[in-house]
Amino acid sequence: MESRISPPPIDPAWNEAHGKARLTSVAIHNSHLVPYDTTAAAVCVGSGNLVNQRLGLVLTNRHIAGDGPSAGYASFKESHKYRIQTVYRDPGHDFAFVGLRTDSGRVPEDLPEALSLAPHKAKQGIEIHRVSNEPGVGGNIGQGFVVRTNCTPPETVGGGYQDFNTEYISLAMVAPGGSSGSVAVDIQGDGIGLTCSSSELDCFMLPLDLPLRALKKLEKGEFVTRGTLQTRWALRSARECEMLGLAASWLERFRAEKVGHLLCAVTVLADGPTDDKVEPGDLLLALDGELVTSLLQVEAYMDDHVHEDVELTCWAALGGRAYQARCTIEDLHALTPSHIVRWNGTVFHDLPLNTAMQYDMPARGV
């Protein structure tokens with residue numbers, strides 16, 4: 001007798017969550033008109049989710065929205081198609097907000113209720129579903145589980161844009177091409193993370209802490225401040241830091257806060273705020289006396305204190321001692337190209353910080 005294994009029943013709550021996410025999901029078809037910053041001139045397809053109904057804002061990836069001049073459209077599952085224009089693209093991470101516009105340039109009046117973002121709900125082990133609206137395919141639902149919430153951003157193959165100074169979320173799921181830019185949701189239908197990169201075995205999401213901060217600023221009509229020390233930090237386990245000679249007193253303080261990873265300087269750009277003050281291999285222990293527990297904490301502090309001085313407490317890998325360094329937080333937007341010159345088919349612009357960081361060169365020049 002032939003036996004068949006029936007799939008487990010789906011929790012009705014997931015059906016409701018899928019419905020909420022599906023209504024806000026859009027397929028994006030965008031043409032990057034010129035090579036600019038880390039984006040090549042090409043046609044890009046992906047997904048996005050409506051996160052503000054009044055302003056018609058859709059959250060998607062920066063590499064989908066594009067770094068420079070672009071022209072494209074977004075469509076809901078019901079085939080409602082709208083023109084898109086980039087409202088904000090982050091100068092550091094792989095997220096952007098595009099605005100939905102009618103042919104007359106207005107925000108559509110018949111948009112569905114926006115998806116809510118809840119970055120604090122991203123916990124190891126929870127089940128998440130990714131509902132995307134891929135161009136030419138339509139609705140697509142993927143199931144997965146959060147494996148880690150503090151992963152190093154995946155390295156880009158073949159150069160181009162490379163994210164850094166944040167902690168990605170690793171998922172046990174597969175995200176097919178075209179799902180980039182879709183927001184994964186939990187069983188309550190709240191956004192947990194933004195799909196950015198995937199392979200045959202796993203998928204990586206950007207945590208929604210910074211996108212949510214930017215969204216709140218945009219909703220209030222405020223400028224989204226972003227700070228930088230022109231230094232790339234990487235996560236190092238407490239065990240590695242102990243092997244690097246970190247004093248037992250510092251290790252005890254971090255373990256008391258249940259911190260399993262510390263930040264290690266990997267790249268220090270010449271002429272940057274930390275040049276000749278912090279060396280590659282040094283550990284970041286505190287900011288203005290406050291113990292550093294994550295990269296998200298460091299970024300949040302810098303974003304709120306642009307053009308202000310900050311005292312870094314670090315541990316010298318060479319010398320085995322703690323030291324203080326006072327630096328001025330720079331404006332990350334000022335280190336991002338904002339103008340282009342086209343001549344004889346060639347595009348010229350300022351050197352992006354992302355490129356400077358990859359090649360370990362001063363963030364200046366063309």
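**Cavities and cores in a predicted model**

About 30 Å³ of space lies in the second largest cavity.

Q: On what basis are residues and values given here?
A: This is a predicted model, in which local features need pLDDT of at least 70 and side-chain atom pairs count only at pLDDT 80 or more, while totals for chains, interfaces and linings use all residues. Residues are numbered from 1 along each chain as its sequence is written, and side-chain values use heavy atoms, without hydrogens and water.

Q: What is a cavity, and which residues line the second largest cavity?
A: On a 1 Å grid over the protein atoms alone, a cavity is a set of points where a 1.4 Å probe fits but cannot get out; lining residues have an atom within 4 Å of a point. A volume is the space filled by probe spheres set on the points, which are joined across faces, edges and corners. Asp 37, Arg 62, Pro 91, Leu 335, Thr 336, Pro 337, Pro 352, Leu 353 and Asn 354 form this lining.

Q: What volume has the largest cavity?
A: Its volume is about 130 Å³. Of its 17 lining residues, Phe 164, Asn 165, Thr 228, Glu 299 and Leu 332 are the closest to the centre.

Q: How many residues has the largest nonpolar core?
A: A nonpolar core is a set of buried (under 20% relative accessible area, 1.4 Å probe, protein chains only) Ala, Val, Leu, Ile, Met, Phe, Trp, Tyr and Cys residues joined through side-chain atoms within 4.5 Å. The largest has 25 residues, and Leu 194 is among those with the most contacts inside it. Another core, of 22 residues, lies apart from it and includes Leu 235 and Val 292.

Terms used: Buried means under 20% relative accessible area, exposed over 50%, partly exposed in between (1.4 Å probe, protein chains only). On a 1 Å grid over the protein atoms alone, a cavity is a set of points where a 1.4 Å probe fits but cannot get out, and a pocket is an open set with protein on both sides within 12 Å along at least five of seven lines; lining residues have an atom within 4 Å of a point.
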